[in-house]
Structure formats: C-alpha cells, structure tokens
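Trainee: I would like to learn how to read a structure with several chains. Can we take one feature at a time?

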Amino acid sequence: MAIDKLILTILALPLIGALINGTMGKSLPKIVVGSIATGVMFVAFALAVLVFNSNHEATFIHLFKVIHLDDLELNARLQVDGLSTLMLLIVTGVGSLIHLFSMGYMKEDEGYYKFFTYLNLFIFAMLILILGSNYFMLFFGWEGVGICSYLLIGFHYSDKEKGMLNGIAARKAFIMNRIGDLGLLIALFLMLMQFGTLEYNEVGNAILAGDLPSGWMLFGITLCLFIGATGKSAQIPLFTWLPDAMAGPTPVSALIHAATMVTAGIFLVVRSNFLFEHAPQTQEIILYIGLATSLMAAFMAMRQNDIKKVLAYSTVSQLGFIFVSLGMGGYVAAMFHVTTHAFFKALLFLGSGSVIHAMHHEQDIRKMGGLKKYIPITHITFLIGTCAIAGLPFLSGFFSKDEILAHALHHNVVIYVIMAISALLTAIYMFRLYFVVFQGEFRGDDHTKHHLHESPLNMTLPLIILAVLSLIGGLLNVPSLFGGNHWLTHYLGHSTLGLNKVAEVHLGDSQTMMLMGVASVLALGALFFAFVKFVKNNSVPESDEQLTGWAKLSANKLYIDELYNALFVKPIEWISAALHRFVEMLFLNRLIDGFTMVIDLSGQLVRKWQTGIVSSYLFWMVTGIVGLMVYYIVKF
Amino acid sequence: MSLELIATILGGLTVGSALMVVLSKHPVRSVLYLVLTFFMISSNYILMNAQFIAVVNIIVYAGAIMVLFLFVLMLLNLKQENEPRTSFLIKIASVLAGGALFTVFIAALKDGVVIAASSVVEANDQGLVQNLGQLLFTKYVLPFEVSSVLFIAAMVGAVMLAKREKQMID
Amino acid sequence: MTLAGIFQSGVSIQFYMVLATLLFSIGAVGVLVRRNAIILLMCIELMLNSVNLLLVAFSTYFGKADGQIFVFFIMVVAAAEATVGLSILVMAYRNLRTTDVGLFNKLKG
C-alpha cells in the first residue's frame with residue numbers, strides 16, 4: 001500500500017472504533033466492545049510498522065482545505081517523517097498494549113463501552129496531533145486530547161464516595177490546560193502575523209534560510225509555545241493538574257498521563273526546534289523551568305503514600321528532565337527519553353493498575369507490602385520498570401538519561417550536578433515504592449489478603465511486553481562506546497526538518513565512561529539506601545501527622561496547591577464576591593429590574609387596547625390604512 | 001341606449017345591491033343581495049368584453065361560494081331575532097371610517113396619471129377564453145399549479161377543522 | 001352597439017375606479033358594522049370583488065390580458081379563504097353557540 005493510504009487507514013481505524021462503540025456499544029457485549037477497540041489499535045500498530053519500514057523521506061499528504069480567507073490558508077495536511085513516525089509507533093504500540101490491559105482492568109465497570117470510545121477517540125486526536133503538517137492540525141489534536149483527557153479523568157464522576165472529587169480533578173486538569181492552550185493559541189497568531197503560514201515546513205525553511213524575525217518576536221513566539229507546552233506536559237507553574245489527574249482509571253494514567261499526551265509539549269518543542277534554536281532566552285527559560293520541575297517533583301514524590309501519586313510526580317519529574325534536555329538543544333536525546341519513558345512509565349502504571357486490581361482498588365501503599373508472593377508476574381515486571389526508571393546500568397532508562405546528562409555536562413557542570421541529584425532522588429523514591437509495596441509483610445486486612453490474586457493474561461501480557469521493551473529500549477540509541485551507532489539520531493535527523501542541523505553532543509569514550517560510572521553508582525547507591533531503610537529496618541511510611549520538617553513539606557507537595565489557592569483562587573473569589581455585592585446587586589440588578597418594570601407598566605397600559613373583539617381590531621386596521629394613505633398623499 | 005348609460009345604470013345597481021348586503025337585517029337576505037351584486041359585477045365584466053371572467057365569476061362566486069354561505073347559514077339556523085346588534089356609536093364610527101377610506105382612496109386615485117385612451121389598442125379580444133388559456137398555461141403556469149396545491153391545503157384544512165371528534169376551542 | 005371598445009364609446013376609466021372604490025368602502029363599512037361573522041366573510045368577498053372589477057377594467061383599458069389572469073388567481077384564493085373561514089366558523093359556532101364576533105374574545109389576554 002502506498003504510504004498515504006497507510007496513514008489514512010491508521011487515522012481512520014481508531015475513529016471507526018470510537019464511532020462503533022460510541023453509537024452501538026451500549027447494546028454490544030463487553031467482549032465485543034473491547035475486542036473492536038483493541039483490534040483496531042493492533043491493526044493500526046501493524047500498519048504503523050509498515051509505515052516505519054517503507055518510509056525514509058518526509059512525505060506530505062494533503063487532505064482538504066479548512067480555512068481559505070484572503071491570504072490565510074489553513075489546510076488539513078499530514079506529514080510523515082522521522083519524528084512523527086517515531087511518535088506514531090509509540091502511540092499505537094503502547095496504546096494497543098494499554099487497550100488490551102484495559103479489557104481486563106475495566107471488566108467490572110458500568111461504562112465499559114464509554115471508556116473504550118473515549119480511549120479510541122483519544123488515540124485519534126493524538127494521531128492528528130503528531131501527524132499534522134502544521135500548527136493548526138497540532139492545535140486541533142491538542143484540544144482533542146485535552147477533551148478526552150478531561151472525560152477520562154472524570155470517568156467515574158458518578159462514584160458515590162469520590163465522584164465529586166473525580167469531577168473536580170478533571171476540571172482542574174481542563175482549566176490548567178486551558179491556560180497553556182491560550183499560550184499556544186497566541187503563539188499561533190503571532191506566527192501567522194510573522195510568517196503568514198502555520199506549516200512546519202514553510203516556517204522552518206524560512207528560518208533556516210536566514211529569514212529571522214526580530215528578536216522580541218521570536219522570543220514571544222517561542223515563549224508562548226513553551227507556555228502551551230507547560231500546560232500539556234505538566235511543568236512549573238502548570239503542573240499541579242497531573243497528580244490530581246490520577247483520579248482517572250489507571251490505564252488512562254498509563255496512556256494519557258504518562259506515555260503519550262503529556263509528551264505532546266515535548267513533541268511541540270522538538271517540532272519547532274528551528275524556532276527555539278534562534279531564541280536562546282527561551283531556551284534558558286525552558287532549561288531552568290525543566291530543572292526546577294524535575295527537582296521539585298522528585299522531592300514531592302519522596303513522601304507520597306498513594307501508589308499512583310508517586311508515579312505521577314515521577315512523571316512530572318521525568319518530563320522536567322526532558323525539558324532540560326530541550327533547553328540545551330538536545331532534541332534527539334529528549335525524544336529518546338520520551339520513548340524509553342513511554343515504555344517504563346506505561347509499564348509502571350499498568351503494574352500499579354495490576355496491584356490496585358489485586359488489592360480491590362486500594363491505592364495506599366501503607367496497606368500493601370509483601371505482594372511479591374501473591375502477584376509474581378506483576379512483581380517482576382514492576383521491578384524491571386523500577387530499575388529502568390532508576391537508571392540501573394544497561395536498562396533503557398540508563399542510556400536515555402545518560403544522554404541527557406551528557407548534554408548537561410557539556411553545557412554546565414552545575415546543571416549536571418542538579419540533574420544528577422534529581423536522578424538520585426528518582427532512584428530512591430522508586431525503590432522506596434517498590435520495597436514498600438512488594439517486600440516485607442502484608443499490612444492490609446485479612447479479607448483483602450484472602451482475595452489477593454494475579455491478574456488475568458490480558459493484563460499480564462502487556463506488562464511482559466512492556467517489560468521487555470524497558471529492558472532493551474536503550475538499544476535505540478546506543479552510544480559508540482558499546483558499539484552502537486546512534487541509530488535514533490540518524491533516523492530522526494535524516495528526515496525531520498531542523499534536527500539534522502542541530503549539533504548533537506557526543507562525548508568521548510572516556511567521558512562517557514565516567515558519566516555512566518557516576519550514574520551507575522548513584523542508582524546502585526539509591527538501591528542500597530532504599531533497601532536498608534525499607535527492608536532492613538522494615539520501616540513503614542508514617543501517617544501524615546507524624547511527619548516533620550522536610551518530610552512534611554514533601555508529603556504536602558510543598559504546599560503548592562495551597563499557594564495557588566491563596567495566590568489565584570482566593571483573590572478571584574474575593575473579586576467575584578465584591579462584584580456580586582456592589583456591581584451586581586446595587587447596579588445591574590436594579591437596572592434590569594427597571595427595564596422589566598418599564599415594560600410591565602407599558603404593557604399594562606397598552607393591553608387595554610387589546611379588547612379581543614375582532615371588530616375593534618378591524619376598526620383600528622382601517623384607521624391605520626387611512627392614516628398611511630393620508631401620509632403618502634400629503635408627502636407626494 | 002348608449003353604452004355609457006348602460007354602464008351607469010349597471011354601476012348604480014351594483015352599488016345599491018352592495019349597500020343592501022350591509023343594511024339587510026336578515027342574513028339570508030344579505031346573501032341573496034350579495035349574489036345579486038355578483039351578477040351585476042359580472043354584467044360589468046361582459047360590458048368590458050371579459051366574457052370568460054364574467055362566466056367564471058358567476059359559476060365560482062354566485063354558484064359555489066354563495067351556495068356554501070347559504071348552506072352554512074341554514075345549517076346554523078340563524079334567525080333575525082338572534083342577529084347580534086351593533087351599538088349606535090360604533091355604527092357612526094364605522095361609517096365615518098369607511099367614508100374616510102373612500103375619500104382617501106379617491107384622493108389618491110385622482111392624481112394618478114392615466115395613459116390617454118388614444119394609446120389603447122383597438123382589438124379588444126384579450127378577455128376571450130383562448131387568449132386567457134394561452135397566457136395561463138404559458139406565462140402563468142407555475143402560479144396556476146401552485147394554486148392547485150393551495151386548494152388541496154384548503155380542502156384538507158376545512159375537513160380537519162370541521163371534524164367533530166376533538167374540541168378545538170375549550 | 002358593440003361589446004368591444006366600451007372605453008372608446010365615452011365610458012371613462014375613472015368611472016370604474018370610483019365604482020370599485022365605492023364597493024370596497026361599502027365592504028369595509030360592512031365589516032366594521034356587522035357583527036355576524038358570516039356577513040363579515042361576505043363583506044370580505046365583496047371587497048375582493050371590487051378589486052377584481054378594477055383589475056378587469058384596467059386590463060381591458062390597456063388591452064393586456066394579465067390583469068384578468070390575476071382576477072382568476074384572486075378567485076382561487078377567495079374560494080380557499082371562504083372554505084377555511086366557514087369551517088372555522090362552523091367549529092366556533094359548535095363550541096360557542098354564536099356567530100357574533102363581539103363574543104369571539106378569546107384573544108383577550
């Protein structure tokens with residue numbers, strides 16, 4: 001099949017799945033609903049592999065014109081190049097595994113068909129986002145994944161105990177994203193003003209040909225793009241929605257809030273690399289915000305007791321890590337980490353889903369412990385995921401993190417040190433999570449213990465596949481030290497606009513060795529520290545009241561939510577209350593009451609005329625005709 | 001007798017019978033006077049050499065419509081005694097309004113520029129069936145067809161309204 | 001006496017204009033004065049006919065048949081109006097036991 005037909009089929013498949021399940025899903029048996037949704041995803045993935053095999057040059061597929069006004073022309077156009085193919089593989093691959101997992105995880109759920117409809121719809125929107133050839137298509141997909149994310153976070157909105165909280169979490173995510181989206185939209189308008197087009201290629205070629213806009217313009221565009229990215233990719237200051245988004249079902253957290261949607265911001269920056277390369281101030285901002293996010297989120301993750309919250313903060317931290325790489329111009333390194341992160345974070349989330357499934361929807365790690373005996377497959381795969389994210393040597397996370405650290409060392413040694421600390425914290429909290437959940441003694445009640453069970457095959461199979469990917473994912477871009485040839489660098493650089501022009505950092509073998517040594521020592525040290533603290537001393541996380549000092553700060557997420565509350569929410573509430581009291585009650589209400597009163601009074605007056613007697617109406621009609629005729633006779 | 005005299009007499013008779021329609025107390029008499037008025041108007045049509053319209057006028061108005069009116073009158077069995085009375089004041093006001101209407105119309109028409117009779121064509125046979133038929137089925141064929149739809153709608157509407165089962169007005 | 005050319009033999013078009021206006025005004029006065037709904041409908045027919053008369057007069061005067069075609073259509077509309085109007089009236093009489101428009105005051109709010 002030709003490449004354009006392949007791509008269109010891939011796009012159509014999840015949409016068809018969503019349409020079938022959305023319209024008829026209610027009356028279909030669950031197994032059919034799940035099979036349709038999962039089936040289309042696997043077919044899409046197979047086709048994506050075909051695309052990957054056949055395509056080596058950037059290809060454009062023109063679909064149709066959306067807006068054509070004067071000079072403005074916005075097209076629905078697709079672009080298939082290295083970057084979008086890589087994302088296509090991640091989205092369809094990880095997506096299909098998570099669909100499979102969901103078939104088991106959501107089995108008991110009322111809204112089974114709704115869940116798969118949203119999930120397929122999300123995949124469709126995400127594909128539009130990554131396959132579009134212009135910022136307009138990206139924006140379309142961007143909003144599409146936003147709404148699906150909203151729907152899925154608040155999926156259990158009718159839950160008796162937590163339904164309200166789920167709804168609030170969904171709303172929070174939606175509103176935070178809206179702030180970012182505004183930034184993105186402004187960036188789009190600025191770009192239209194400056195370049196007159198939103199096509200990546202046209203903007204990129206203009207920039208690469210040396211047609212640079214003024215410094216302030218470029219700074220404004222890139223900064224607004226980055227604000228958009230902070231919203232979607234949960235960076236300071238718009239990151240607080242992501243931990244709350246864990247209210248959604250766990251497969252959703254794995255797919256949307258770990259593997260795919262939250263990397264949209266990174267994708268955006270990598271796509272616009274030609275812009276960012278010429279805006280060093282923005283790059284600096286990205287670098288420091290990424291760094292701060294990474295460190296802060298890692299710190300917050302240290303004392304979380306909800307298994308999914310730990311992973312959520314870990315995601316924020318890793319995304320920060322990737323943004324640091326972007327800030328230093330390490331686009332390929334960033335995409336590399338996005339890929340491996342998609343593998344092991346999806347694995348970890350699905351693993352936690354399996355744990356939660358086994359624990360009958362208990363998410364508090366203080367009530368777990370010793371689970372390795374009961375759910376062996378989940379245990380092994382979770383361990384692999386933990387090691388991969390912690391950066392244990394030769395797992396996927398090791399290589400990708402190392403590449404970012406190499407960039408950092410090349411850039412500035414202070415940044416390198418801070419990032420190393422962040423990586424160390426990552427290793428510590430992940431091993432803490434692992435040890436507390438799987439090692440030691442079971443701390444839950446007997447009823448739960450009695451029912452502990454390994455998940456069915458359709459849940460463990462994705463875990464196993466993702467575990468294998470987490471193990472070997474690093475091979476994508478093996479440094480030359482181990483005989484690798486930086487395959488990903490070449491692949492992305494070959495056909496993605498701008499990426500071939502960007503200088504990649506390749507350190508010498510001895511430096512690489514030194515870096516990897518330090519990273520290994522840190523990871524192993526963290527492993528040892530966590531082992532001593534949580535297994536040897538068998539210490540269980542304290543309840544919130546006993547915490548003091550730094551630990552309390554961490555457990556309460558640095559009081560960021562409270563800070564935002566005091567800084568933004570409260571003042572808005574005050575202003576609203578003041579407006580209500582003084583403007584609304586004193587002025588607007590009276591004005592409107594006055595209007596109604598005038599209308600009421602005049603109506604009371606005139607209604608006497610409406611006798612309801614036909615003759616009188618006729619009389620007035622004749623009078624009117626006479627009046628009109630007289631007017632015209634006098635006038636002419 | 002000159003045509004002028006005939007036309008004047010016919011006009012007078014038309015106005016007279018029209019007045020009687022309004023003035024007669026008994027509804028049935030009103031109907032009969034109206035039939036007479038229509039006959040007078042038809043005579044006027046014939047005077048103006050519009051034979052087709054004259055015949056149709058008698059068939060449709062004097063024949064069909066007025067019979068329908070009579071039918072309804074008989075059906076409802078209205079008598080002179082329960083004929084509603086109008087107050088004197090309203091009568092005065094109405095006549096004044098009608099007079100004003102007439103005056104104003106005349107005032108408006110008086111100034112209208114009428115093309116002199118010299119430009120009027122001699123051959124005066126446009127009122128014959130053949131001419132009208134040709135015009136009706138060429139230039140005005142669409143309105144003609146549309147009017148048939150109007151008739152169907154009116155028929156269905158009349159049947160619907162006159163059905164007994166449901167009370168339309170409380 | 002020839003039927004053709006009435007306007008050539010001294011009858012002016014103004015004569016028919018006045019006649020039609022007079023008929024129209026009589027119809028209008030009738031609508032205002034009478035309270036029997038059936039008579040009202042009849043007066044409306046009278047007014048329509050006065051317009052027809054004027055149309056035919058002008059049609060003959062100018063030697064154009066279009067005016068007579070319009071008369072034809074007006075008759076169509078009048079017939080439709082009479083049927084619907086009368087059936088409404090019958091219905092109203094059935095419910096209210098009267099044809100006095102003065103008592104048809106359901107429109108009063």
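Mentor: Begin with the secondary structure of a single chain. This is a predicted model, and in it chain C has three helices and zero strands. Along the sequence, chain C reads α-α-α.

Trainee: How many residues does chain C have, and what share of them count as buried?

Mentor: Chain C has 109 residues, and 60% of them count as buried. Contacts can also be sorted by separation in sequence. In chain C, among contacts with a separation of 6 or more, 49% join residues 24 or more positions apart.

Trainee: Now the contact between chains A and B. How many residues does each chain give?

Mentor: Chain A gives eight residues and chain B gives eight residues. On the side of chain A that touches chain B, seven are nonpolar, one is polar and none is charged.

Trainee: How do I read the arrangement of helix H25 of chain A and helix H4 of chain B?

Mentor: Look at the axes. Those of H25(A), residues 614–635, and H4(B), residues 88–110, come within 10 Å and cross at roughly 30 degrees. Angles under 35 degrees count as roughly parallel, so H25(A) and H4(B) are roughly parallel to each other. Their crossing is left-handed.

Trainee: Which residues make the contact of H25(A) with H4(B)?

Mentor: From H25(A), they include Phe619(A), Val622(A), Thr623(A) and Ile633(A). From H4(B), they include Ala93(B), Ser94(B), Leu101(B) and Val104(B). By class, this contact of H25(A) with H4(B) has 14 nonpolar, two polar and no charged residues.

Technical notes. Residues are numbered from 1 along each chain as its sequence is written. Chains are lettered from A and ligands numbered from 1 in the order in which they are written. This is a predicted model: local features need pLDDT of at least 70, side-chain atom pairs count only at pLDDT 80 or more; totals for chains, interfaces and linings use all residues. Two residues are in contact if their C-beta atoms, placed from the backbone, lie within 7 Å. Ala, Val, Leu, Ile, Met, Phe, Trp, Tyr, Cys and Pro count as nonpolar, Asp, Glu, Lys and Arg as charged, and the others, Gly among them, as polar. Axes are lines fitted to C-alpha atoms, for helices over the stretch in contact, and angles run from 0 to 180 degrees between N-to-C directions. Helices (H or I, at least four residues) and strands (E, at least two) are DSSP runs, numbered from the N terminus. Angles under 35 degrees count as roughly parallel, over 145 as roughly antiparallel, 65 to 115 as roughly perpendicular and the rest as oblique. A crossing is left-handed if the near helix is turned anticlockwise from the far one by less than a right angle, and right-handed if clockwise. A residue is buried if 20 or more other C-beta atoms lie within 10 Å of its own, exposed if 12 or fewer, and partly exposed in between; C-beta atoms are placed from the backbone.
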